[in-house]
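Thanks for coming. I will take a few minutes to walk through one structure, and the sequence and the model will be on the screen as I talk.

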Amino acid sequence: MIISSSKPFGEVLAALEGIDNIFVIGCNVCAARLHVGGEPEVLDMCEKLKAAGKHVVGWVLPTAACSIRSYGALVEKGPDIRKADAILVMACGSGTSVVSRLVDVPVYPSNNTDSLGGRSGEQVLPQLCEMCGACNIQEFGGICPKANCPKGLLNGPCGGSISGKCEVYTEKDCAWQLIYRQLEKTGSLELLEKIIEPRSYS
Ligand code: SF4
Ligand code: SF4
């Protein structure tokens, strides 16, 4: 799941300055589950834009904004997209980028894309993976230090953790404490003895 968050409405409005006819596109997967681009948020955005004097020509909620077949598929769902001077996409940057390639009017994002995360039950889990292209998360009990330790340490903790919290981001759990606990739980503590070499970029 891509973790994204809503930009302040004032920022969205400022970006749309001078543009009248706006078509809104949500995303019924990640953005909907995070409440930043599902139907309630799209309808709320339409109302706010109208209240700010904009003309909202229509909206659609594709299954995933990052996976839209064609411009025709958008027109099929929302024919009024043809009247738009600009499109506002309530998804992550990937969805905004896909929409940009399909339309011939300017496209604006209403969200910031924060990280590649996930969700477990009601808990949103941000920043689980850095998309490094060389996954060896099995060495760390499934908790990636490249993504979760601000120092990116591959071979154990820095020693600065206090009461299980990271010394850099004190509100976050120390990634290496989490890794230790997970390896302990799975009977894999011997992995801590293994030296993990830095990635070769040669
Ligand atoms: S090693 Fe970590 S950052 Fe790299 S792909 Fe795997 S989970 Fe993502
Ligand atoms: S306290 Fe833990 S998570 Fe924070 S920098 Fe040190 S090893 Fe990394």
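Is Lys-151 buried, partly exposed or exposed? Lys-151 has a relative accessibility of 40%, so the residue counts as partly exposed. Please keep in mind that what you see is a predicted model.

Let me stay with that lysine. Lys-151 makes a salt bridge with Glu-167, and the closest N and O atoms of the pair are 2.4 Å apart. Both residues sit in the loop between α6 (145-148) and α7 (175-185), so the bridge ties together parts that are 16 residues apart in sequence. Glu-167 has a relative accessible area of 40% and is partly exposed.

The count of salt bridges in the model comes to eight. As a general point, side chains of opposite charge can pair when their charged atoms come close. Another of the bridges joins Lys-165 and Asp-173, at 2.8 Å from N to O. Lys-165 is partly exposed at 31% relative accessibility, and Asp-173 is partly exposed too, with 37% relative accessible area.

One more pair is Glu-11 with Lys-7, where the closest N and O atoms are 3.3 Å apart. Here the two partners fall on either side of a cut-off. Buried means under 20% relative accessible area. Lys-7 has 18%, so this lysine is buried, whereas Glu-11, at 41%, counts as partly exposed.

Next, the nonpolar cores. How many residues does the largest one have? The number is 21, and the residues with the most contacts inside this core are Phe-23, Ile-25, Ile-81, Ile-87 and Val-99. At least two core residues come from each of β2 (21-25), β3 (55-60), α4 (71-77) and β4 (86-89). A separate core of 15 residues lies apart from that one, and Val-12, Leu-16, Met-45 and Leu-49 are among its members.

Back to Ile-87 for a moment. Leaving out residues up to four places away in sequence, Ile-87 touches Phe-23, Ile-25, Ile-81 and Val-99, and its other contacts include Val-103, Val-105, Pro-106, Val-107 and Tyr-108.

Then there is ligand 1. Which residues are around it? They are Cys-129, Glu-130, Met-131, Cys-132, Cys-135, Asn-136, Ile-137, Cys-144 and Lys-146. By type, this shell divides into six nonpolar residues, one polar and two charged.

Leu-128 is the next stop. Leu-128 is placed in strand β7 (residues 123-129), and its relative accessible area of 34% makes it partly exposed.

Last, the end of the chain. Where is Lys-194 placed? Lys-194 is in the segment after α7, and with 41% relative accessible area it is partly exposed. Lys-194 touches Glu-139 and Asn-155, with residues up to four places away in sequence left out. From Lys-194 to Asn-155 the C-alpha distance is 8.0 Å, across 39 residues in sequence.

That is where I will stop.

Methods:
Residues numbered from 1 in each chain as written. Chains lettered and ligands numbered in written order. Predicted model: local features only at pLDDT ≥ 70, side-chain atom pairs only at ≥ 80, totals over all residues. Heavy atoms only, no water. Core = buried A, V, L, I, M, F, W, Y, C linked by side-chain atoms within 4.5 Å. Buried < 20%, exposed > 50% of the residue type's maximum accessible area, 1.4 Å probe, protein only. Helix = DSSP H or I, 4+ residues; strand = E, 2+ residues; numbered from the N terminus. Contact = heavy atoms within 4.5 Å. Near = heavy atom within 4 Å. Nonpolar A, V, L, I, M, F, W, Y, C, P; charged D, E, K, R; others polar. Salt bridge = Lys/Arg side-chain N within 4 Å of Asp/Glu carboxyl O.
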